[in-house]
Amino acid sequence: MALKAKKIVKPVDGYNPYLRRNRLTVMLNDKEFAMLERFLAKYKVKNKSKFIRESIMKAVMKRLNEDYPSLFD
């Protein structure tokens, strides 16, 4: 099976805006953790970090779009 070539983002002046430099730690209780692990196994999620990161950003973007001021508020 051939591996896919990854796109390389070349930094401008040594700065790469896509490099993840900030760490976020989340604590879950046993039931929450078990539920998350069950979900990941059921839907065959291979990258847990990517899944959690995308889930958080979807929730953030949804809330920001809902709270965006409109002309008739």
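This is a predicted model: local features need pLDDT of at least 70, side-chain atom pairs count only at pLDDT 80 or more; totals for chains, interfaces and linings use all residues.
Helix α2, spanning residues 48–66, provides the largest share, with 6 residues. Phe33 belongs to helix α1, which covers residues 30–42. The relative accessibility of Phe33 is 42%. Patch residues must have over 30% relative accessible area, so Phe33, at 42%, passes that cut-off. Phe33 is classed as partly exposed.

The largest pocket has a volume of about 710 Å³. Its lining comprises 19 residues. Leu24, Ser49, Ile52, Arg53 and Ile56 lie nearest the pocket centre. Helices α1 and α2 each supply at least two lining residues. Helix α2 gives the most, with 8 residues. The lining of this pocket includes 10 nonpolar, 4 polar and 5 charged residues.

The model contains 1 salt bridge. Lys48 pairs with Glu37, and their closest N and O atoms are 2.6 Å apart. The pair qualifies because the cut-off for a salt bridge is 4 Å. Lys48 sits in helix α2 and Glu37 in helix α1. The two residues are 11 residues apart, and the bridge links distant parts of the chain. Lys48 has a relative accessible area of 36% and is partly exposed. Glu37, at 28%, is partly exposed as well.

Technical notes. Residues are numbered from 1 along each chain as its sequence is written. Side-chain values use heavy atoms; hydrogens and water are left out. Helices (H or I, at least four residues) and strands (E, at least two) are DSSP runs, numbered from the N terminus. Buried means under 20% relative accessible area, exposed over 50%, partly exposed in between (1.4 Å probe, protein chains only). On a 1 Å grid over the protein atoms alone, a cavity is a set of points where a 1.4 Å probe fits but cannot get out, and a pocket is an open set with protein on both sides within 12 Å along at least five of seven lines; lining residues have an atom within 4 Å of a point. Grid points are joined across faces, edges and corners, and a volume is the space filled by probe spheres set on the points. Ala, Val, Leu, Ile, Met, Phe, Trp, Tyr, Cys and Pro count as nonpolar, Asp, Glu, Lys and Arg as charged, and the others, Gly among them, as polar. A salt bridge is a side-chain nitrogen of Lys or Arg within 4 Å of a carboxyl oxygen of Asp or Glu.
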